[in-house]
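Dear colleague,

I am handing over the structure below, together with some notes on what turned up in it. Please read the notes with the structure open beside you.

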Amino acid sequence: MTTSPPLTALRRALPTIIQGGMGVAVSSWRLASAVARRGQLGVVSGTALDLVLARRLEDGDLDGSVRRAMAAFPVRSVVDRVLKRHLRPGGRAAGVAYTPVQRLSMRPGRAVQELTVLGNFVEVWLAKEGHDGIVGINYLQKIQMAMPAAAYGAMLAGVDVVLVGAGIPRHLPHLLDDLAAHRPTRLPVDVVGDPSGDHCVEIDPPGLLGTGIPPLNRPMFLAIVSSEVLAAYLTRDPAISPDGFVIEGHRAGGHNAPPRGRPVRDERGQPVFGARDQADIGKVAAVGLPFWLAGSLGTPEAVRAAVAAGATGVQVGTVFAMSTDSGLTPQLREQVLAALHADELEVLTDADASPTGFPFKVAQLDGTLSEPALRETRPRLCDLGFLRSPYLKDDGLVGFRCPAEPVEMFVRKGGTVEEATGRACLCNALSADVGLGQTRPDGRSEEALVTLGADLTGATRLAELYPDGWSADHVLDWLLAPA
Ligand SMILES: Cc1cc2nc3c(=O)[nH]c(=O)nc-3n(C[C@H](O)[C@H](O)[C@H](O)COP(=O)(O)O)c2cc1C
C-alpha cells in the first residue's frame, strides 16, 4: 500500500496551487499525477469512479494501467471478481454497449461497494505512482450514498487530501476518522420529505475486506464552500470542522452555489449573482484555517493577489481541464480550443441543466447538450443514477427520483413538470466528455455536455503562449512564474 506524509507534515508544506477536482474523470489520474509531481496538489475527481473503472476495463485497459493498480489492492478476491465481470480483452466491438453498473442505494450490496472501493483505489494509486507528491480526491456532497465506500478506497491507496463540495459536509471528519481505523461507520443521507435525519448509508470495512490491513493515513479534509458564514459554522464545533477551505466563487466551472435571495434571471435565462454572493475574504481569514480561493483565478496575477489577501493559494480548474493532461476527449479539447482561438467560446450559467437544481456552467458547443434542441430530443432515461435523490414515498419507504428521468415517471414520484423542465442527464453526458459514453441499442451514442468556468482570461493568454495546446506543466510554469 502507498504511504503518505502524515497530516502535520502536510500542513507545514501546503501547496499554492490546487488543481481542481473535475468530474467525471476530467481530473483523471494522469492530470493529478502531472500536478503532484510538481509539488502542487493534484486532485482526481472522485465522482462515479465505479463506472469509470468498469468502463475502462470493458474498453480493454489497453495500456494495462488499471490492472497495474489493481494488482496493488490488498484483497485479491475483490480484484478477481471485478475483472471477471468487466474486463474485455481487446475492448468492446463497435456498437456494443457497456454493461450496466448497479445504481447507488441506501443499502449498497457487496458488488457495488467492491466496485466503488476499487475504482477509487485505482484512480488514487495511479495518481500517486512514481513520485512522492501529494494527491487529493474530490467528492460531491450530493452523492452521499457513494461516499463511505469511495473514501475508503481512496484512503487504502493513501490519498492525502479529501475535498468535498456542493453541500455542507459536516459528517466527513467523523467518517474519515472511522475509516482510517477500519471502524464500521455510517454517513447520514438526506431524504426529501423526511426531516427526521434517520437515514444513513453504512460501511463495515472488516466485513468487506477482512481484518489484516494496517491502520490508514487520515487525510486532510478541505470543505469547498461559497461563503464565510458556512466556513464559520463548520469550524464552531471541532467534531465537524474541516482542516481548511476552498472558497469558490460563482464564476467557477462545474456547479455553483445558488445566488442568495429572490431568484432573478437575466435576459439569457442565467441566474443573476450579486454582491451578497461574494465571500468576505477578511472574515474567511479570521476563521483561522488555511484556505484557497477558487473561480476565475487562473492567472499569475490572481494567484499573487490571493496570497496577498491571506489565502494559502488558489484552486484552478478551467485551464487544467483544457490541458493535454486532462481526461476530456481529444475531439472535445480541439473543439474547445478552436472556439477559444476564434474568440467564440462562450460559457453560460445554466439554471436548469443540472438535476441537482444548482446552477451549472455550460460551454456552448455545437453537437453537445448545450444545444436546446439536442437536449430536448435526447430520449430521457435514468440508468446511471448518481444524481438521483432519495425521497420518502407515501408508503413510508425510500424511493429515488431524478428530474432528468422521463417526466411522467418523475411526476409519479411526487416531482413537478417545472422541476423536470430543461434538465440534462449529467451522468451520461459527463461520461461522454471523457470517452466513456454509453452506446444505445439503436446505435445512438450519448451526447457530451462540457462545463468550464465563466472566465476565460487565463485560457486565452495560455492559447497565445501555446497555440498548439498546453500541458499541466505549462500551466504551472505560467501560474507560478515570479512577477
Ligand atoms: C470541467 C470541470 C468540471 C468540474 N467538476 C467539479 C466537480 O466535480 N466537483 C467540484 O467540486 N468542482 C468541480 N469543478 C470546479 C473546479 O474544481 C474548480 O473549483 C473551478 O473550476 C475553479 O474555477 P476556474 O474554472 O475559473 O479555474 C469543475 C470545473 C470544471 C472546469
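**Backbone and contacts**

Val24 is found in the loop between strand 1 (17–19) and helix 2, where helices (H or I, at least four residues) and strands (E, at least two) are DSSP runs numbered from the N terminus. The model is a predicted one, in which local features need pLDDT of at least 70 and side-chain atom pairs count only at pLDDT 80 or more, while totals for chains, interfaces and linings use all residues. Residues are numbered from 1 along each chain as its sequence is written, and side-chain values use heavy atoms, with hydrogens and water left out.

The peptide bond that leads from Gly23 to Val24 is cis, with omega near -5°. Asp61, in the loop between helix 3 (49–58) and helix 4, has a positive phi of about 45° although it is not a glycine. Asp61 counts as buried at 4% relative accessibility, where buried means under 20% relative accessible area, exposed over 50% and partly exposed in between (1.4 Å probe, protein chains only). Ser296, in the loop between strand 9 (291–294) and helix 12 (300–308), also is not a glycine and has a positive phi, of about 60°, but Ser296 is partly exposed, with a relative accessible area of 30%.

Turning to the aromatic rings, a search of the whole structure finds one aromatic pair. This pair, Phe73 with Phe121, is edge-to-face, at 5.0 Å centre to centre and with 85° between the planes; rings of Phe, Tyr and Trp (its six-membered ring) pair if their centres lie within 6.5 Å, and planes under 30 degrees apart count as stacked, over 60 as edge-to-face and the rest as tilted. Because Phe73 lies in the loop between helix 4 (65–70) and helix 5 (76–86) and Phe121 in helix 6 (residues 110–128), the pair ties together parts that are 48 residues apart in sequence. Phe73 is buried, with a relative accessible area of 5%, and Phe121 is buried at 0%.

As for helix 2 (residues 29–36), its axis and that of helix 6 come within 8 Å and cross at roughly 35°, the axes being lines fitted to C-alpha atoms, for helices over the stretch in contact, with angles that run from 0 to 180 degrees between N-to-C directions. The contact (heavy atoms within 4.5 Å) is made by Trp29, Ala32 and Ser33 of helix 2 and by Glu123, Leu126 and Ala127 of helix 6. Helix 2 is mostly covered, with seven of its eight residues buried.

With best wishes
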